[in-house]
Amino acid sequence: FLVRARGGVGINAAPPVGSVELTLQSDADDGDFANLWLKQRANANGILLSVGDGAGANDAGFYIDHYSGSAQARRLELAGSGAVTIRSNITQANTGVTMAANAGAWSSLSDRRLKTAIEAVDAGAILDRLLATPIATWSYAAQGTAVRHIGPMAQDFAAAFGVGENDTTISTVDADGVALAAIQGLHARLAAQQARADARIAALEAQNAQLVAAVSALREQLEGRGGR
């Protein structure tokens with residue numbers, strides 16, 4: 001059925017219990033957005049689902065916001081360009097992950113300005129801990145053994161590096177950080193080994209040059225005696 005009403009249509013807007021509300025409406029300025037509100041009537045807290053802001057074919061955005069009665073905080077944004085943003089807070093602060101349009105991987109927030117308690121790591125120690133961390137192939141129980149994955153167990157990772165929110169998950173930020181630190185540690189170790197090898201080669205070359213000079217001098221002495 002079709003219901004037309006200026007300003008939108010309220011479904012269960014005056015329920016017998018009077019606790020919740022489902023409302024369909026456009027923006028207050030009659031903008032090109034369709035809004036679905038799921039609210040608690042007592043304080044107007046709820047979730048706002050909105051679709052709109054499209055100018056061409058198949059380019060409307062889809063958004064999910066927390067709503068506190070007066071303020072909205074965007075939690076999910078599927079932009080008309082194809083970009084995706086998920087915020088891990090209810091204040092719309094700059095935290096969470098994004099995926100650029102047409103991309104195939106998440107970008108995690110890593111802005112120095114949004115970090116605190118920054119401490120340098122011992123890359124060599126990270127490398128040693130990584131070498132001691134068991135790595136295995138495995139399957140998620142829910143997926144079955146036909147689908148295989150590779151990586152450490154979260155408990156082993158947490159015990160080795162002491163990072164992350166818990167010992168049952170591994171943050172991709174931490175896994176990447178461990179890998180990069182281990183690469184730096186390996187590079188430093190190889191560079192030190194190369195420096196020692198270069199020094200040894202230089203010493204051997206110097207000794208060889210001395211031996212060549214000594215042999216040459218001895219040959220000259222022998223040739224000089226033979227000439228007399």
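**Assignments and their grounds**

Reply: In this predicted model, helix 1 (residues 123-132) has as its buried residues Ala123, Gly124, Ile126 and Leu127.

Me: Why are the buried residues of helix 1 said to line one face of the helix?

Reply: Viewed down the axis of helix 1, the buried residues fall within an arc of 160 degrees, so they line one face.

Me: What makes Asp122 a cap of helix 1, and at which end?

Reply: A side-chain oxygen of Asp122 lies 3.1 Å from the backbone nitrogen of Gly124, and the end capped is the N-terminal one. Polar contacts require N or O atoms within 3.5 Å, and the value for this pair is 3.1 Å.

Me: Why does Arg74 count as buried?

Reply: Arg74 has 19% relative accessibility, and buried means under 20%; therefore Arg74 counts as buried. Arg74 is located in strand 6 (residues 72-78).

Me: What makes the pairing of Arg74 and Asp65 a polar contact?

Reply: The side chains of Arg74 and Asp65 are joined at 3.0 Å, and the cut-off is within 3.5 Å. Leaving aside residues up to four places away in sequence, Arg74 touches Ser50, Tyr63, Ile64, Asp65, Arg87 and Gln92.

Me: Which residues make up the largest nonpolar core, and what supplies them?

Reply: Its six residues are Ile126, Phe157, Ala160, Phe161, Val178 and Ala181.

Terms used: Residues numbered from 1 in each chain as written. Predicted model: local features only at pLDDT ≥ 70, side-chain atom pairs only at ≥ 80, totals over all residues. Heavy atoms only, no water. Buried < 20%, exposed > 50% of the residue type's maximum accessible area, 1.4 Å probe, protein only. Helix = DSSP H or I, 4+ residues; strand = E, 2+ residues; numbered from the N terminus. Arc of directions from axis to C-beta. Polar contact = N/O pair within 3.5 Å; in protein donor to acceptor, adjacent residues only side chain to side chain. Contact = heavy atoms within 4.5 Å. Core = buried A, V, L, I, M, F, W, Y, C linked by side-chain atoms within 4.5 Å.
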